Amino acid sequence: MNIAIIGAGVAGLSCAHELEKHGIYPTIYEKKSFIGEQHPNVGAILEIYHRPIKDAVAYFRNNLDIDIKPLNTLNRLIHFSPNKTSEIQGNLGYFFERSKEEMDITRQLFAKLKNTRVLFNEHADYVTLSQEYDYVVIANGGVDFTNELGCWEQWLNTYIRGAIVQGDFDPGAFMVWLDKDYCKNGYVYLAPFSSTRAVVAVVVTDVDEAELEVYWEKFLDTENIKCTIEEEFKRNHTSGHVYPHQIGNLYLAGNAAGALDPLFGFGIMNSIATGVFAARSIVKSEDYEKMIRKIVNRNLRLYEYRKALNMVDNIGYDVLVTSAGIPGIKHLLYYSPINVVKYGSGILRALPKRRTRETK
């Protein structure tokens with residue numbers, strides 16, 4: 001079987017890893033000249049959003065046959081709203097490094113491959129490859145090909161303004177700020193690389209790129225952030241709905257398959273899973289849509305959650321953060337098997353809303 005994979009990212013390498021288990025050695029076309037990320041970052045997998053999966057690392061190992069080392073265990077989740085703070089502690093998930101270093105998740109996946117050929121600096125054309133190969137897995141990390149194929153519906157266009165900062169951090173703590181004044185329909189997060197280094201980023205939607213600097217500076221000033229900045233960056237992410245995920249001998253995986261979640265914008269879990277399931281679908285002639293249905297449905301619910309969150313005002317954020325710290329509610333949300341993604345949007349709709357022309 002002759003298979004091409006476009007993209008040597010998380011999904012593409014996960015797909016190649018699964019194919020190799022079945023004695024199939026694909027060719028990967030990668031537009032960059034290296035494995036990893038140009039700018040360092042930290043991704044997270046939060047247990048609360050992937051239930052009933054309790055442990056992502058164990059799930060990768062036991063269900064997807066991929067042994068990945070996380071950067072750190074996520075054991076503190078700290079929420080900030082304009083006037084309130086709450087903290088959750090426990091086994092809440094994992095941090096994963098995105099960089100050019102050895103701990104980068106794609107470099108870990110790449111190191112596990114045996115005979116897969118990776119062609120760097122290759123801007124692949126899926127139309128041409130689909131005629132030369134039995135199957136082509138599009139896992140290029142974007143939605144350009146997906147859009148060309150006519151199966152992309154955009155949900156959010158998100159701009160990210162952030163920096164790698166130096167300071168004193170808890171390596172297991174994930175911090176999230178909610179404040180309409182400096183993140184509009186978005187949030188700010190801080191995720192640590194180590195006890196001395198972290199990424200902090202303002203993530204906003206429904207704004208022009210030129211407005212990013214205003215929100216960034218307002219966040220730093222409002223929250224009195226004084227960390228030493230090591231490196232600054234800007235990114236543009238889009239999340240949306242994809243259907244179908246297979247067209248003829250073309251398979252869509254990773255962000256090309258809509259793996260980027262529409263809440264925090266992390267897609268590691270979904271990218272690994274869609275990459276593996278694409279390979280299994282090819283090898284075993286199984287229904288790819290059925291295999292990834294839970295992922296698709298989870299992102300649909302997260303989108304409803306995100307839309308409801310966008311309508312909450314700063315008073316509502318205070319209520320939300322206060323509620324998350326109340327022992328009974330805290331236990332229900334974080335220490336029980338309840339599907340927060342499924343029911344969360346309904347809860348958010350009951351919170352105070354920002355006033356618009358339609359609601360005045």
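Q: Which residues of α1 count as buried?
A: Keep in mind that this is a predicted model. The list for α1 runs V10, A11, G12, L13, S14, C15, A16, H17, E18, L19 and E20. To be called buried, a residue must have under 20% relative accessible area.

Q: What span does α1 reach, and what is expected?
A: From first C-alpha to last, α1 reaches 17 Å, close to the expected 16 Å for its twelve residues at 1.5 Å a residue. Just after this helix, G23 has a positive phi of about 75 degrees.

Q: Why is D65 called partly exposed?
A: Buried means under 20% and exposed means over 50%. D65 has a relative accessible area of 40%, so it falls in between and is called partly exposed. You'll find D65 in the loop between α2 and β4.

Q: What is the phi of D65, positive or negative?
A: Positive: phi of D65 is near 55 degrees, and the residue is not a glycine. Most residues other than glycine have a negative phi. N224 also has a positive phi, near 55 degrees, and that residue sits in the loop between α7 (212-222) and β12.

Q: Which bond joins R51 and P52, cis or trans?
A: Cis, with omega about 15 degrees. P52 belongs to the loop between β3 and α2. Y243 and P244 are joined by a cis peptide bond too, with omega about -5 degrees, and P244 lies in the loop between β12 and β13 (246-247). For context, most peptide bonds are trans.

Q: What makes β1 and β7 a pair of strands?
A: Pairing takes at least two bridges. β1 (residues 3-6) and β7 (residues 135-138) are joined by four, and they run parallel. Within that pair, I5 faces V137 of β7. β7 also pairs with β14 (residues 250-252), again in the parallel sense, over three bridges, and there V137 stands opposite Y251.

Q: Why are β3 and β12 at the edges of their sheet?
A: The sheet is an open one of eight strands, ordered β3-β5-β4-β9-β10-β11-β8-β12, with mixed pairing. β3 (41-46) and β12 (228-242) each have a single partner strand, so one side of each lacks a neighbour in the sheet. On average, neighbouring strands here are turned by 30 degrees against each other, direction ignored.

Q: Which elements does helix α11 lie across?
A: α11 (residues 314-324) lies across β4 (72-80), β5 (85-98) and β10, and runs at about 90 degrees to β5.

Q: Which residues touch the most other members of the largest nonpolar core?
A: They are F60, L64, F96, I272 and F277, in a core of 44 residues. The elements giving two or more residues are β1, α1, α2 (56-63), β5, α3 (105-112), α8 (268-284) and α10 (293-310), and α8 gives the most, with nine. Leaving out residues up to four places away in sequence, F277 touches Y59, L64, Y288, M291, I292 and I295. Another core of 35 residues lies apart, with L74, A191, F266 and V312 among them.

Note on methods: Residues numbered from 1 in each chain as written. Predicted model: local features only at pLDDT ≥ 70, side-chain atom pairs only at ≥ 80, totals over all residues. Heavy atoms only, no water. Axes fitted to C-alpha atoms, helices over the stretch in contact; angles between N-to-C directions. Contact = heavy atoms within 4.5 Å. Core = buried A, V, L, I, M, F, W, Y, C linked by side-chain atoms within 4.5 Å. Buried < 20%, exposed > 50% of the residue type's maximum accessible area, 1.4 Å probe, protein only. Expected span 1.5 Å × (residues − 1).
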